[in-house]
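This report examines a protein chain and how its parts meet. Please keep the sequence and the structure in view while reading.

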Amino acid sequence: MHEVTLIPGDGIGPSIAEATVRIIEAAGVKIQWEKVEAGMAGIDKYKDPLPKHVIDSIARTRVALKGPLTTPVGSGFRSVNVALRKEFDLYANVRPAHTFEGVSSQHEDLDIVTVRENTEEFYAGIEHYIDPQRSAAETIGIVTRSGSARILRYAYEYARKYGRKKVTTVHKANILKYTGGLFLDVSREIASEYPEIESNDRIIDNMAMQMVMNPHQFDVIVTTNLFGDILSDLASGLVGGLGLAPGSNIGYNASIFEAVHGSAPDIAGKNLANPCALVLAGVMMLRQLNETAAADRIEKAVRAVIKAGTSVTRDLNPTSPVGTIEMTDAIIREMGA
Ligand code: NAD
């Protein structure tokens, strides 16, 4: 029996979290879920977006499945997602983007993994207005040699473990000569330790264009926090959208699995959300828990339902009357088939 912290999240979070739990249970994996609330749900219940018992739960189970959490834009409380990554030093954000048969996309047979540094640079939360009139604002992005080395090493180790051929470092070292320059220098040092893996680097603006025009040249991408956030959304757009993009946040002592997408307030409470991104994050979690057979079975069923195209949500088929619950039912039926 595994113990996993379950944070259902905000907006569409509770419905896709319920779908994911149903599918994992239908695959026969025994998990004792410790359900806790954070984000807006935490404020409603405990007047705190990140209550201490949530942190205590993850510290104990060391594994969490998390629905998306709403972050107020511009003002209000800081991102709970970022706070959790900092609290548990979840330095590696791994976001695979793999094409699905049955989903129309610009490119076929894409299989790109973005490894994003998850704790440093502009997400470190070192920011302020310089005066009460808010005449200027500063955000300080810190890139360290040790932080760069561990994420770059993670990317190369990931490539080695999963038989990947190439790692591309993405940066803006031509303009950000210190932060970008340090990351690029360290990437060259680490690359030299992995001669069997092809290494190259791209400047972020060129990279964005290359990913749209000719994405097959990329395999594993490793980059700093902000660029990784944006490029992984771009990669998910190449393979069918946010509804299909999972992610994991990995540290030495804890891991949190989540969808790349947010709480989608525009479709919350309407049974419209595609559950697959969180379900596939659940698949990544099961692989970490060594539940490989169940993980493979769920992924196969998700792919089969998407390929058939009849029991998919509206984001995949605009005329579909199928909702979150019905798509979940179809995945469970497919696993039994
Ligand atoms: P979003 O990802 O929530 O939504 C962007 C668009 O994609 C919307 O049109 C939405 O309807 C659609 N979409 C997203 N997930 C979908 C799904 N599963 N099925 C079908 N359509 C889906 O991005 P946003 O609107 O910019 O952000 C909303 C909130 O989510 C913000 O508060 C933001 O801070 C938060 N957020 C949280 C996380 C996280 O928890 N890791 C990540 C990103 C954004």
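## A buried serine in a strand

S248 is buried, because its relative accessible area is 3%; buried means under 20% relative accessible area, exposed means over 50%, and partly exposed lies in between (1.4 Å probe, protein chains only). The residue belongs to strand β11. Strands (E, at least two residues) and helices (H or I, at least four) are DSSP runs, numbered from the N terminus.

Apart from neighbours within four places in sequence, S248 is in contact with A92, N93, V94, I256, F257 and M284. Contact here means heavy atoms within 4.5 Å.

## Basis of the model

This is a predicted model, in which local features need pLDDT of at least 70 and side-chain atom pairs count only at pLDDT 80 or more, while totals for chains, interfaces and linings use all residues. Residues are numbered from 1 along each chain as its sequence is written, and side-chain values use heavy atoms, with hydrogens and water left out.

The chain is divided into domain 1 (1-94 + 241-337) and domain 2 (106-238), with bounds that come from an automatic or database domain assignment. The centres of domain 1 and domain 2, taken over C-alpha atoms, are 24 Å apart. Domain 1 gives 17 residues to the contact, and domain 2 gives 18 residues.

The size of an interface is often given as the accessible area lost when the parts come together. Between them, domain 1 and domain 2 bury about 1500 Å², of which 49% is on carbon and sulfur atoms. Buried area is the accessible area (1.4 Å probe) that two parts lose on being put together, summed over both. On the side of domain 1, the residues that lose the most area to domain 2 are Y91, N93 and V94, which together account for 38% of what that side buries.

## Polar and charged pairs across the interface

How many salt bridges does the rule find across the interface of domain 1 and domain 2? There is one, where a salt bridge is a side-chain nitrogen of Lys or Arg within 4 Å of a carboxyl oxygen of Asp or Glu. The rule also finds six residue pairs in polar contact across this interface (both at pLDDT 80 or more). A polar contact is a pair of N or O atoms within 3.5 Å; within protein, one must be able to donate a hydrogen and the other to accept it, and residues adjacent in sequence count only if both atoms are side-chain atoms.

The elements giving two or more residues to the side of domain 1 that touches domain 2 are α4 (80-87), β4 (92-98) and β11 (246-250). By class, that side has 10 nonpolar, three polar and four charged residues. Ala, Val, Leu, Ile, Met, Phe, Trp, Tyr, Cys and Pro count as nonpolar, Asp, Glu, Lys and Arg as charged, and the others, Gly among them, as polar.

N93 lies in strand β4 and counts as buried because its relative accessibility is 0%. The side chains of N93 and N249 are joined by a polar contact of 3.3 Å. Beyond its neighbours within four places in sequence, N93 is in contact with residues including T114, V115, R116 and N118.

D89 is found in the loop between α4 and β4 and is partly exposed, at 31% relative accessibility. D89 forms a salt bridge with R150, the closest N and O atoms being 2.7 Å apart. The phi of D89 is near 50°, a positive value in a residue other than glycine.
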